[in-house]
Amino acid sequence: MIQIYNQLKNKVKGTIVKNFKIKDQTYFRIGGSVDLFIEPEDEESLRNTLEIINGNIPFYIIGNGTNLLFSDDGYKGAVIKIGNNFNGIRLEDNKIKLGAGTLLSRTSRFAADNALKGMEFASGIPGYVGGAIAMNAGAYGGEMVDVVKKVKCMDYDGNVYWFTNEEMHFSYRNSRVFKENLIVLEAELELEPGNREEINSTINDLTEKRLAKQPIEKPSAGSTFKRPKDGYAAKLIQDAGLKGMRHRGAMISDKHCGFIVNEDNAKSSDVLSLMRVVRETVFNRFGIMLEPEVRIIGEEF
Ligand SMILES: NC(=O)C1=CN([C@@H]2O[C@H](COP(=O)(O)OP(=O)(O)OC[C@H]3O[C@@H](n4cnc5c(N)ncnc54)[C@H](OP(=O)(O)O)[C@@H]3O)[C@@H](O)[C@H]2O)C=CC1
Ligand SMILES: C=C(O[C@H]1[C@H](O)[C@@H](CO)O[C@H](OP(=O)(O)OP(=O)(O)OC[C@H]2O[C@@H](n3ccc(=O)[nH]c3=O)[C@H](O)[C@@H]2O)[C@@H]1NC(C)=O)C(=O)O
């Protein structure tokens, strides 16, 4: 690891930290130490990082950490953050050009300021553009697939491609990014001209709805489980009588059962225990096997 660290220090511009506490890079505020934490300064440094680590140590790409559950035992490998260094937003005609490290909420506000319609759904999603495209983020009837025109990605060999919306193979919480191990670098959104007041009013309505229904005041990773083919995870969890169930520091939110919240210094094992109870109870009651939406790193589920 020391050898890799030294190579990175020589060839990569940006942040490189050994034995990094990952907790504060996640919205759940959970997770132990990762061997290496890297925030490349630009595309070239990302390519150099991959050249050094790919095939030598495991690595994991993160954005704003809003959908992640890292083990308290940490992660034996490198975490590469595509964050602030890849942040950028500009307008060309009706197209918004974005860096992968731009907040979705900022993108949504920028679209509203320019009287462009279509990004209202994303105003309260806390992730970055890269994570949102990888996962085809969605809320309140909208999804990234509805607004993305094209996406610039890097593969793990450092090659760069532009993919059209169709070529991204978006589906529910999934895209080509996961299927083919890609890293999102940039994106272009195509939006419709709209009325600024109406756009802002939709954003305000959605914000109110989210504040009223979701426990956003507490650390979590958003929805714990994906929507099953029939029904809603949250409703199944509530109907199974699990609302408010607590395991040490973690709790199935009593505001929205789809969320597990970090009530009090929860451990990854506390969250995973609750997730297993949910999976088993819902399966035994309704015959539906829930699949995690949260991405779990360093632990089996
Ligand atoms: N609808 C809602 O209300 C909410 C939605 N969310 C969801 O969480 C997502 C989280 O975004 P964010 O916090 O930035 O991401 P995270 O840091 O949580 O990363 C989530 C996953 O996205 C992948 N990823 C992140 N950035 C990139 C990138 N630049 N290129 C390729 N893959 C990337 C990584 O997958 P890997 O390393 O495995 O390739 C990672 O496992 C959003 O897309 C959204 O769907 C979260 C909270 C609320
Ligand atoms: C939070 C996330 O995204 C959210 C997104 O914000 C919201 C809003 O559109 O819709 C999805 O939640 P969801 O499937 O739980 O949708 P909601 O509309 O909140 O609830 C679905 C149904 O469950 C019921 N419900 C909800 C909460 C609850 O405690 N009990 C309950 O019975 C609701 O009444 C509703 O009939 C996304 N989650 C997934 C996995 O698709 C995330 O991705 O992390």
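**Core, domains and annotated sites of a predicted model**

In this predicted model, the largest nonpolar core holds 88 residues, and those with the most contacts inside it are Leu69, Ala132, Ile133, Val184, Ile237, Ile260 and Val271. Such a core is a set of buried Ala, Val, Leu, Ile, Met, Phe, Trp, Tyr and Cys residues joined through C-beta atoms within 7 Å. A residue is taken as buried if 20 or more other C-beta atoms lie within 10 Å of its own, as exposed if 12 or fewer do, and as partly exposed in between, with C-beta atoms placed from the backbone. In soluble globular proteins, nonpolar side chains tend to be buried together.

As for conventions, residues are numbered from 1 along each chain as its sequence is written, while chains are lettered from A and ligands numbered from 1 in the order in which they are written. Local features need pLDDT of at least 70 and side-chain atom pairs count only at pLDDT 80 or more, whereas totals for chains, interfaces and linings use all residues.

An automatic or database domain assignment divides the chain into domain 1 (2-81), domain 2 (87-199) and domain 3 (216-297). The C-alpha centres of domain 1 and domain 3 lie 28 Å apart. Their contact (C-beta atoms, placed from the backbone, within 7 Å) takes 14 residues from domain 1 and 14 residues from domain 3. On the domain 1 side, strand β4 (residues 68-70) gives the most, with three residues. Helices (H or I, at least four residues) and strands (E, at least two) are DSSP runs, numbered from the N terminus. Leu69 touches, among others, Phe28, Ile30, Ala221 and Val271, not counting residues up to four places away in sequence.

Turning to the annotations, an unreviewed UniProt entry places the feature "active site" at Arg173, Ser223 and Glu293. These residues span 121 residues in sequence, yet no two of their C-alpha atoms are more than 11.4 Å apart, so they gather at one spot. UniProt positions follow the numbering used here, feature names are shortened, and annotations may be inferred rather than shown by experiment.

Ser223 lies in strand β15 and counts as buried, with 21 C-beta neighbours inside 10 Å. Glu293, found in the loop between α8 (268-286) and β19 (295-297), is partly exposed, with 18 other C-beta atoms within 10 Å. Glu293 touches both Arg173 and Ser223, along with Thr224, Phe225 and Lys226, again not counting residues up to four places away in sequence.

Terms used
Contact = placed C-beta atoms within 7 Å.
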